[in-house]
Amino acid sequence: MHDEPRWSAGLDESQREAVEHDGGPLLIVAGAGTGKTRTLVARLARLISGGTAPERLLLVTFSRRAADEMIRRLAPLVGPEVARRVHAGTFHSVAHRLLRQHGEALGLGAGFSVMDQGDAADLMHLVRQEVGEGERRRFPRKDTLVAVYSRVVNAQEPLRPVLRRHFPWVQEHEAAIGQVFSLYTERKRAQGVLDFDDMLLYWRAAATDPQVGPVLAAAYDHILVDEYQDTNVLQADIVAALRAGARPLTAVGDDAQSIYAFRAATVRNMLDFPDRFPGATVVKLERNYRSTQPILDLANTVLAQATEGYAKHLWTERVGGLRPVLATCPDEASQADAVADVILEHHEAGVALRDQAVLFRTAHHSDLLEVELRRRNIPFVKYGGLRFLEAAHVRDLIAALRVLDNPRDELAWYRLLQLLDGVGPAGARRAMEAMGVGEGEGLGRFVDGAAGLVPARAANDAERLAAALRDCVTSALAAGAQVERLAAGLEPMIRRRYENADVRLRDLEALARVAGGFEDRSRMVAELTLDPPASTADLAGPPLLDDDYVILSTVHSAKGGEWRVVHLIHAADGMFPSDMSTGSREEIEEERRLFYVALTRACEHLHIYAPLRYHHGGPFGRGDAHSYGQRTRFLPPSVEDLLDHRAVRGRRDDVALPALSAALPSAVDDALRGLW
DNA sequence: CTATTAGATGTTTTT
DNA sequence: CATCTAATAG
C-alpha cells in the first residue's frame, strides 16, 4: 500500500476537504467538538510537507494556550524543531513582536512599555481628574471608561452611538468622556506607552500603509486565523491587509460559539467572509467527536432557538450515552453540596478530578462552591476572574520592572513612589518633576539621589529601592534574578502597606520563578501583560500539576476545552443569562450561544444545576431575605424530554414544627432554676 | 499634604 | 467585596 502522509491519518471526509483545499480563501465552519484543532494542525502539516517554510506561516489564535496546543500537536507530524518555527500567537502578541522588532522604523522609539487593563484604568483615573470639575457627579468609574474606550476603538464606532447602545447610564457625560479620551491618548503617546488596543491599531496602520504594508504581507505565504467568529473589525482589517495579493487565507470558526461581542467582536466577519473574500470556499464540519448523542440533542435544541447563523446540526456515530441531568436545588448552598457530591461520585466511579469541570457565567458564581470544596478537601483550580497580575503588590513589582524598560513611564513611577511612607499623589508628582521623568532622566536621578527626593522618614526605603534598580541596570542579571532583587528592594514597603505581607511576598517569589523562563526582561514584562497566567495553576508550576484537581471556570475561559464530566451551575434566569445582558435581543442571543458553549464542553456526563431560591445579604448572611429563581429561559419546557430530572434536598431540611404547648423561654427558665 | 477611617455605592464576560 | 468619597487627625 502506498504511504499515506502522516498528517492525513484519521481525517473524515469534510476534514480532509478542509485540509487539502488549495486555491481561494477558505472558511471552515467547525461546530463544537468537530475536530477543528486537528484539522487546522493537519492543514499546517500539509502545507509544511508541501514545501512551505514554517516561518512563512502565520497562525493567529485566540489565546496563547490555544497557540501552544496547536504547536504541541503539530510537533509529532513535522518534528518539534520545525513546528516551533511557525509564527503563532494571538493578534496582540504577534503585533507586539512586530512592534518590538521594528519599533524604530515604525516611529515608536526604542523603549516602549505595554499597559494592561489595570494600568489603563489608572491612567484614565489620572486624566479624569484634570477634566472639568463640574462633571464629578456620577462620572463613570475608571473601569467603565476603559471599557467604553476599548469598545470605541475596537468597533471603530464613534463615542455617541457606543454610549447610547452599550453604556446608556453614562450618556450624559459624553463631552467630558471625549475629553478624557483625548488626554488619555496624548499621555500614552508622550510616555511611550501602548495599551492592548494600540497593539491592533499600530499593526493595522502598518499593514495598510502603502510602503510598509506590502513588505509585511510578503513575509507570509499563508495566513491561518482561528476562532474567526470572535474577531473584531480591526482584526479583520489586519487579516485583509496581510493577504494583499490574494495570498492564501484560512479562517476557522463557529458562529454559534461567538461570545465576545462585548469586546466588539462581530460574527459579521464570519457571515460576510464570502463577500469580503471573493471566491471563498466554505467547508462545514458537523460530525462531533466529543460528546454523546443525548448531550448533542440538548445542545442542538438549545441552538435551534437562536435566530441567526449558519444552520448547524451536530451528530455523532457514538452510540449510547446518558441524558443530561437537570438537578433542581432548594438554594445555593444545596447546589454547592450537590455539586461536591456528584464530583465525588464520579471520582469514585473512576473519573479523575481533572476530567471534571464546573462552569459558570460569572467569576463569583463559584464562591460558595469554593468554600464547600475546601471544606471537603477537594482540590480545585480556578480559571477566569481575578487574576494574579491584578493583585496590587504584583502590579507594584511590575511597575518597578516597567521603569527599568521605559524611564519615561510616568504611571509606573507614580505608582512606585507612592509606596513610600509619606508620599502621596502630590509628593509623587513633585518627585517626578525633580527627577525629570518627562525628559527620560528619571531612572538615573532616582538611582543617584533617591533619599533627597522624598520625606526623611522614607529615605531608607527609597535608597533600598534605588539600589535594587541600580543592580538591575548595571549587572547582567537574568530576568528571574532581577525580579528577586526588586522584590527584596520593595519588601519593607510591601510589609508596611499590606496586611498579609508574607503571602504577598511569596507571590512575588512565584513571579520570579515564572520570570526565570524568560531570557530578557522587557520581553517578559510585555508577554506577561499580554498573556497573563490564567489560573493559579499556571503559576504554581510542575509540583501542583502532578496533583489531581477539579477545574472551575467561567464559560468564557472554558472556550476550547472539553471534559468527561461537566457541571454547569446557576442555570437560573438572572444568573444565566446574566441580568446585565437581557436588555436587547442581541445580548440575549449572545448569552444563548454562551450557554451552548457550556453544554458542548461535556463528553460523557452533563449535570445542570438550578437553584430555586437565592438568599440575599451576602452568601453567609443570616438574613432571611430571599427571592425565587426561575429556571434559565434557555431550557424551556420543550426540552423536558431531553433531560433527566432530579430534585436535590436541602442540607438542613426546612421541616415545619408543630406549635409548642408551652412557650420555649419558660422551659429554659425551668432548666436554670435553682442553679444559682 | 498624607494617612486613616467610615460610609455609600455599584452593571459581567477578557486579549 | 472593592472602590470611591468625605471627613478627620496628624
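Let's start with strand β1 (residues 26–30), which is mostly covered, with five of its five residues buried. Buried here means under 20% relative accessible area, while exposed means over 50% and partly exposed is anything in between (1.4 Å probe, protein chains only). Strands (E, at least two residues) and helices (H or I, at least four) are DSSP runs, numbered from the N terminus.

A quick note on the ground rules: this is a predicted model, where local features need pLDDT of at least 70 and side-chain atom pairs count only at pLDDT 80 or more, while totals for chains, interfaces and linings use all residues. Residues are numbered from 1 along each chain as its sequence is written, chains are lettered from A and ligands numbered from 1 in the order in which they are written, and side-chain values use heavy atoms, with hydrogens and water left out.

**The strands around β1**

In a regular strand the side chains alternate between the two faces of the sheet. For β1, Leu26, Ile28 and Ala30 sit on one side and Leu27 and Val29 on the other, and all of them are buried. Five of the five residues of β7 are buried, so β7 is largely enclosed by the rest of the structure. Leu249, Ala251 and Gly253 cover one face of β7, with Thr250 and Val252 on the other.

Now for the pairings. Two strands pair if DSSP finds at least two bridges between them. Here they are side by side:

| Strands | Sense | Bridges |
|---|---|---|
| β1 and β8 (residues 281–285) | parallel | five bridges |
| β6 and β7 | parallel | three bridges |

Asp221 sits in the loop between α11 (212–218) and β6 (222–225). Asp221 is partly exposed, with a relative accessible area of 29%. Contact means heavy atoms within 4.5 Å. Setting aside neighbours within four places in sequence, Asp221 is in contact with Thr52, Arg56, Arg247 and Pro248. Asp221 and Arg243 are 22 residues apart in sequence and 8.8 Å apart in space, C-alpha to C-alpha.

**The whole chain**

Stepping back, chain A has 29 helices and 17 strands. Its radius of gyration is 28 Å, close to the 26 Å that the globule rule gives for 676 residues, so chain A is as compact as a globular protein of that length. That radius is taken over C-alpha atoms, and the rule is 2.2 Å times the number of residues to the power 0.38. Along its principal axes, the C-alpha trace of chain A spans about 95 × 80 × 50 Å. Buried residues make up 52% of the 676 residues. Of the contacts in chain A with a separation of 6 or more, 77% are accounted for by residues 24 or more positions apart.

A nonpolar core is a set of buried Ala, Val, Leu, Ile, Met, Phe, Trp, Tyr and Cys residues joined through side-chain atoms within 4.5 Å. The largest one has 114 residues, and those with the most contacts inside it are Trp413 and Leu417. Helix α18 (residues 392–405) gives the most to this core, with eight residues. A second, separate core of 41 residues includes Leu326, Ile588, Phe595 and Leu643.

Among the buried residues of α6 are Leu123, Met124 and Leu126. The buried residues of α6 pack against several elements, including α18, α19 (410–417) and α20 (425–435).

Most residues other than glycine have a negative phi, and most peptide bonds are trans. A cis peptide bond joins Phe576 and Pro577, with omega about 5 degrees. Phi of Gln156 is near 55 degrees, and Gln156 is partly exposed, with a relative accessible area of 39%. Phi of His570 is near 60 degrees, but His570 is buried, with a relative accessible area of 3%.
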